[in-house]
Amino acid sequence: MNFFEKILEEKSKLENSYDYFTQWEYDKKLYQDILLGVREYYSNYTDHGSNHSETILTNILRMFGEDELKNLSSFDIWLLLEAAYLHDCGMYISREEAQKTLQDKNFIEYLKKVCETSSHPMNKFTKPFKIKENQIFYEDSKYNIDIEYNMRFLISSYKRVSHAQDFKNVVFYKEKLLPERIYHVLSTISKAHGESFQDVMRLPKKESGTGKEMGHPIFIACLLRMGDLLDIDNSRISPTVVKNIIEIIPDDSKLHLEKHRAISHLWIDKEKIEIVADVNCGEKSYEVAEITGKWFDYIREEYNNQLYNWKLIIPYNFKGILPRLGELKINIQDYEYINSKYKPKFSVDTNNILELLVGSSIYERVETALREIIQNSMDATYLRVFEERKEEILKKEEFSISEIKDLFKDKEIKVNIEKNKKKSDEDSKYNYWNISIEDKGIGIDKERLKYLIEAGSSYKDKSKIIQINDMPNWLKPSGNFGIGFQSIFLLTNKVRLQSKSLYTNENIDVDLIKPSIKEAESGNIYFRKTKFNYKQEIGTKISFEYRTLKVASSYYYSGEKAISYIDNFDPLMDKEFDIKIYHVIDEINSINKYSFIKIELLKDRNEIELVSENQNFVDEKIKKKDNYQICFIESNENIFKGKVKCFYKNQPINKNKFEIKYFSGVINIFGYNAKKVLLLNRNEIRNEFLLEKEEEVLKSIYLKLEEKYLRKLKEVIIPNLIKEQICYFYFYHEKTLKWLFKDNSNLVSEYSDELKKFYYEINFSGIFKINELKKEKEIIIKVRKNSYSYDYILSDTEIQKDFLDLIVMELFKINKYEFKWSENEKEIKIKLKKIDSQYNIIKNEYQLKNLNSLNFFSRRKRVYIYCNERTLKLRLRKELSEKEIFGWIGYLDLFNRKDLELYDLILENNFILFPFYLKDENTMIWNTEMEKNYIEFCYKNRAEEELSKEEFTEALREFVKYLKIKFKNLKINITEK
């Protein structure tokens, strides 16, 4: 007989009221029998039998002591005893109840949901069953004893949610000496153990008993809740029962069992509540620590709720107070927390994002993720070199590439690829490769690990940002895209990260699991406890397993190492065709090509020689604030084949590059964050960056050209081939460059005369010289259609289009021409006749007969066209074509242009605004208001400055009259609306 039973018996004698005690003795035996049966279906749970009920009562006694609890009324003590035993009776599942559950539609739906959700902890227990027409059948006729347990686990999992209400069957269907009202009060108290604290506070504060005694439902419910929560000791586990079924119970049940096993210190008395858990479950330690932490949170929450409402809860004559809540502590052997008491975990579920990267071809191949990971290593190394050699780096205004490489000569990145032979031999389909990437960068400590695991949060690392702001552009890290390190999970499901920090000397050892909604361990981070190791080098090592097909079903024929492997593959002799690992090697080779930091690669302990092309530019210098590194490729190859190599921070960009005409060389972007420059795949420049920075890049190329070659034109003999390349670039871009350097015009102009001496004597296509062509009174150009493209003919001799463009551009700087063209199905013929004039003149009449078929209506409704002798007075000034007019006015192309530069040269000072507004392909608008606005705009921007407004107006009206006749013949309607 426990303390409360003794008190109840004594009070019943004193009060001459034996009904409470008599009823209790009857009920106790009933409850014990019922609780004994709970284990039949809840064998995978901690003990909910009589021992649990007694522990609840003991915990209450510990907290308040015998003297204070003796003051409770017989009714309160009866309620407490009954509730301590009754509250879990709802967990009992009889044979009849189990049968009803199997036919319950809600249970069937629950089973279906569990069956369809692979991540559900009960999913594996549905495997032996199938559901057909809302009935449950065995999937396999062969009997297995575990199947019985499977169904019990499923039923108990379903029923446990409602166990706080299911005890009512016990209360209301038994013999009773006490009124039904009393049992109703008891049922609300028992039910309250599974409800919110707000629901508890809605219970009556007082309830009259069968005599003069008074009960206090809120108070008893609070005692029950606190006593229940504090029954966390490891004695709640039955070793015999658990040993019998440990192999088959649900994973979450195992974790709860380990939660109780972990309790190493328990202090509950009137002075203090204190609990310590020592968790030692390997990688499961975090899960156990997490659910233990949640249980501790429940205790804290309940304690605080009761503490703040204590005066509203206790009977008026109860003087006891809650003991002080001391430390609720969790220790994890071999592992630890990264942040406070919470288990480290990836901040977002990146699984869908990673799938999107590949599925939408943002990452063309999963190996591309290596670029992001190695870039992280490079960024860390940049930061370390700057930290260690800051004064030296900031003192110099510029470094050559060879000097930069010297800064990193002992900071190489080591990549090791080694086959797991044992695991690969056991698998007929896959090879398993252990890959590690090791750098000598700044390393990672606990604090910086937080930024790594929270996608897109490195911008919050203020200390790193301040450091980066001081660095030269060529040394700054590339920045992040918001997914960064997590892209490694395209290659693997688990990563090990070992690191030692330069700043704190702290070393960490962490396992990171792929964030994915499909796995139970999704996004977990296992943080091993480490001891200081002075021998460990500063830096970071990342290790992971990469799985490849032994015989690839498809492959792409690219990459030096992959091509060599493919070309030497013998399907008769070779059992494997593991091309994937060679694509990984090629990715690393590509990253190394222009890297300042050398990459050392081992495959199965053999060194793989990687290509480096930086040696071609070792003398090139980079200034501290340069946004771009520009290097010229001096070669005998045809410069018109687009030999621009584009890089971002020494890493190649293969798509959507800057294409600067007549420039052959390297554009290496340094001065901007990766997010501004690149798309997520790091292999393509953003269109908006190309558009925004095109002129800036052109300016940088010219400044490098001027520094490397133009200043030396008179002092140094420059090979003719290079001099030709310089001339092509200089004279093609001359006009744009003069505008870009308008504040320092001499920077471009001062080299013009010297270059012309050479340029005008170049034999284009071995025949044409500008010096000779500029004297020609008439030049004939023909464009002929061939099978695949066009042939360009100058003075009856075929010529490359690029050469033709360069020649014509220069001739138009020297001379003015009359321009006339004609065409038939086979060719376009253009005649240029030299004239003594201030501007070029187009001799063609307006060819409006095809206007109706031109597809210009889908673009702009207000357009400009060329001017001829008929419309010279309406000609607009040249500057307008470069600024205002292009912004909002389209172009009605009446030429068959074939992309010749010649047409742009003719049109740049021979254009007028077309008077009519093009409503649709059959209708144009012209009215008085439109005429007025036309005259106001075009007269202000006229090319003929001495022309009067009256003369301009008359010329306009003559042109409109002419057009109306033309369009009438074409059956095009001209309206005023």
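Me: Before we start, what should I keep in mind about the model and the numbering?
Reply: This is a predicted model, in which local features need pLDDT of at least 70 and side-chain atom pairs count only at pLDDT 80 or more, while totals for chains, interfaces and linings use all residues. Residues are numbered from 1 along each chain as its sequence is written, and side-chain values use heavy atoms, with hydrogens and water left out.

Me: ok, how many helices and strands are there?
Reply: The protein has 37 helices and 33 strands, where helices (H or I, at least four residues) and strands (E, at least two) are DSSP runs numbered from the N terminus.

Me: And how much of it is buried?
Reply: Of the 977 residues in the protein, 52% are buried; buried means under 20% relative accessible area, exposed means over 50%, and partly exposed lies in between, with a 1.4 Å probe and protein chains only.

Me: What about the accessible surface?
Reply: The accessible surface comes to about 48,100 Å², and carbon and sulfur atoms account for 46% of that area; the areas come from the Shrake-Rupley method with a 1.4 Å probe, and for residues only the protein chains shown count as cover.

Me: What share of the contacts join residues at least 24 apart?
Reply: Among contacts between residues at least 6 apart in sequence, 72% join residues at least 24 apart, a contact being heavy atoms within 4.5 Å.

Me: Switching to salt bridges, how many does the structure hold?
Reply: There are 45 salt bridges in the structure, each defined as a side-chain nitrogen of Lys or Arg within 4 Å of a carboxyl oxygen of Asp or Glu.

Me: Which residue pairs with Lys813, and where do the two sit?
Reply: Lys813 meets Glu810 in a salt bridge of 3.2 Å, N to O, and both residues lie in helix H32 (residues 801–814), three residues apart, which is about one turn of the helix. Glu810 is buried because its relative accessible area is 1%, whereas Lys813 counts as partly exposed because its relative accessibility is 38%.

Me: New topic, where is the negative patch on the surface?
Reply: Glu950, Glu951, Glu954 and Glu958 gather in a surface patch of negative charge. Patches are made of residues with over 30% relative accessible area and no salt bridge, with like charges joined within 9 Å and nonpolar side chains (Val, Leu, Ile, Met, Phe, Trp, Tyr) within 5 Å. Lys and Arg count as positive and Asp and Glu as negative, while His and the chain ends are not counted, and the place of a charge is taken as NZ of Lys, CZ of Arg, CG of Asp or CD of Glu.

Me: Which residues make up the positive one?
Reply: Lys820, Lys829, Lys831 and Lys833 gather there, and strand S26 (residues 827–835) gives the largest share, three residues. Lys833 lies in strand S26 and is partly exposed, with a relative accessible area of 42%.

Me: Which residues have a positive phi without being glycine?
Reply: Arg605 is one of them, with a phi of about 70°, and Lys649 is another, with phi near 50°. Arg605 is in the loop between strand S15 (599–603) and strand S16 (606–608), and Lys649 is in the loop between strand S19 (644–648) and strand S20 (651–653). Arg605 counts as exposed because its relative accessibility is 67%, whereas Lys649 is buried because its relative accessible area is 1%.

Me: Last one, what does His216 touch?
Reply: Not counting residues up to four places away in sequence, His216 touches Asp76, Lys205, Lys206 and Pro315. His216 is found in the loop between strand S4 (214–215) and helix H12 (217–229), and is buried, with a relative accessible area of 7%.
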